[in-house]
Amino acid sequence: MHDHDPEERFQAIIDDDGRIEPRDWMPPAYRKSLIRQIAQHAHSEIIGMQPEGNWITRAPSLRRKAILMAKVQDEAGHGLYLYAAAETLGVDRAELLDMLHDGRQKYSSIFNYPTLTWADMGAIGWLVDGAAIVNQVPICRCSYGPYARAMIRICKEESFHQRQGFEILHTLSHGTPAQHDMAQDAVDRWWWPSLMMFGPPDQESTHSEQSMRWGIKRFSNDELRQRFVDMTVPQAEVLGLRLPDPDLRWNPERGHYDFGEIDFTELFEVIKGNGPCNRQRMADRRRAHEEGEWVREAAAAYAAKRAAQREEVA
Ligand SMILES: [Fe+2]
Ligand SMILES: [Fe+2]
């Protein structure tokens, strides 16, 4: 590359579908937008541990408990990769957590719904992790290298999460009538919130257009939502469960499923902080952070000791 204008070089990489790396010049707005998105994603991973953590002690068997623990730990790991990816943009993880704790940064509203029965572990895995995969697979090709690479590993684990949720629901759905009803009730409650995970409709989405031009986002909210519906309907049939939408039907002209209108007024209430569990999730997160202070101190002291030892040797 013989041009020396950093802005032109940045644009050339984007136009070539290449990757921007931490050492590269990038427009301040690109950096800012990525920090916002990656941080919100990281926060969602760790807040997302709470609704399922709620059921670890009450899992119906040792096998289910071991699987659920592994899944919740995976989510902590996803948070870790993503905070590390955000740090390559020049922010500090502690600062991002402060912004989560004082409400300056958000996490996905899906985690502000309660987990009322064991079947919710199935519905979350199948629908919430399923929607997350549809959202995240295109991010594996995001223009920012560290974010794209973190996503590749995360998506592999998410597909395991989705299958374990499907398997829980399949077992319940083919169990006793009471178990079947429990599975159906969980799907009834999680279906619409899962569709809302793709964000507002395209004409109302504020960040989308610029993100598409920068190669951060590859498909619109409505395109991804449609993909999720098309993928999920045949799986519901295999499960023997009904999706709670009377308008859901195959449209041969479009080659897609049509579905009913989404009531976004509810989503906007949850985003504003008025969801069923917003306050509880934030209180639990702040408490976990305070109670973990000694761990962070010990880790920092250990790292400083190791660094001093290395200096002595050198
Ligand atoms: Fe995750
Ligand atoms: Fe997951």
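1. A word on terms first: helices here are DSSP runs of H or I with at least four residues, numbered from the N terminus, and a residue lines a pocket if it has an atom within 4 Å of a grid point of that pocket. With that in hand, α2 is the element that gives the most to the lining of the largest pocket, with six residues. Please keep in mind as you read that this is a predicted model.

2. Let's stay with that pocket. The space in the largest pocket comes to about 1,400 Å³. Its lining is made up of 50 residues, and those nearest the centre are Q40, S108, N135, M197 and G199. Two or more lining residues come from each of α2 (28-47), α4 (62-87), α6 (119-136), α7 (145-173), α8 (177-196), α9 (208-213), α10 (221-239) and α11 (264-274). Sorted by class, the lining of the largest pocket holds 21 nonpolar, 17 polar and 12 charged residues.

3. Eight of the lining residues of the second largest pocket are nonpolar, two are polar and three are charged.

4. In soluble globular proteins, nonpolar side chains tend to be buried together. In this model the largest nonpolar core has 83 residues, and Y30, I38, Y144 and Y147 have the most contacts inside it. Helix α6 supplies the largest share of this core, 10 residues.

5. Leaving aside residues up to four places away in sequence, Y147 touches L34, Q37, I38, H41, L82, A85, I139 and C142. One of these partners, I38, is also among the residues with the most contacts inside the largest nonpolar core.

6. Is A39 buried or exposed? This residue lies in helix α2. A39 counts as buried because its relative accessible area is 0%, and the cut-off for buried is under 20%. Beyond residues up to four places away in sequence, A39 touches L34, L96 and Q105.

7. Next, a helix pair. The axes of α8 and α10 are 9 Å apart, and the two helices pack at an angle of about 145°. On the α8 side the contact is made by W191, S194, L195 and M196, which meet R225, F228, V229 and T232 of α10. By class, this contact has five nonpolar, two polar and one charged residues.

8. Finally, two aspartates. D15 sits in helix α1, and D17 is in the loop between α1 (6-15) and α2. D15 counts as exposed because its relative accessibility is 58%, and exposed means over 50%. D17, at 39% relative accessibility, therefore counts as partly exposed. The phi angle of D17 is near 60°, a positive value in a residue other than glycine. Although D15 and S143 are 128 residues apart along the chain, their C-alpha atoms are separated by 10.0 Å.

Key:
Residues are numbered from 1 along each chain as its sequence is written. Chains are lettered from A and ligands numbered from 1 in the order in which they are written. This is a predicted model: local features need pLDDT of at least 70, side-chain atom pairs count only at pLDDT 80 or more; totals for chains, interfaces and linings use all residues. Side-chain values use heavy atoms; hydrogens and water are left out. On a 1 Å grid over the protein atoms alone, a cavity is a set of points where a 1.4 Å probe fits but cannot get out, and a pocket is an open set with protein on both sides within 12 Å along at least five of seven lines; lining residues have an atom within 4 Å of a point. Grid points are joined across faces, edges and corners, and a volume is the space filled by probe spheres set on the points. Ala, Val, Leu, Ile, Met, Phe, Trp, Tyr, Cys and Pro count as nonpolar, Asp, Glu, Lys and Arg as charged, and the others, Gly among them, as polar. A nonpolar core is a set of buried Ala, Val, Leu, Ile, Met, Phe, Trp, Tyr and Cys residues joined through side-chain atoms within 4.5 Å. Buried means under 20% relative accessible area, exposed over 50%, partly exposed in between (1.4 Å probe, protein chains only). Contact means heavy atoms within 4.5 Å. Axes are lines fitted to C-alpha atoms, for helices over the stretch in contact, and angles run from 0 to 180 degrees between N-to-C directions.
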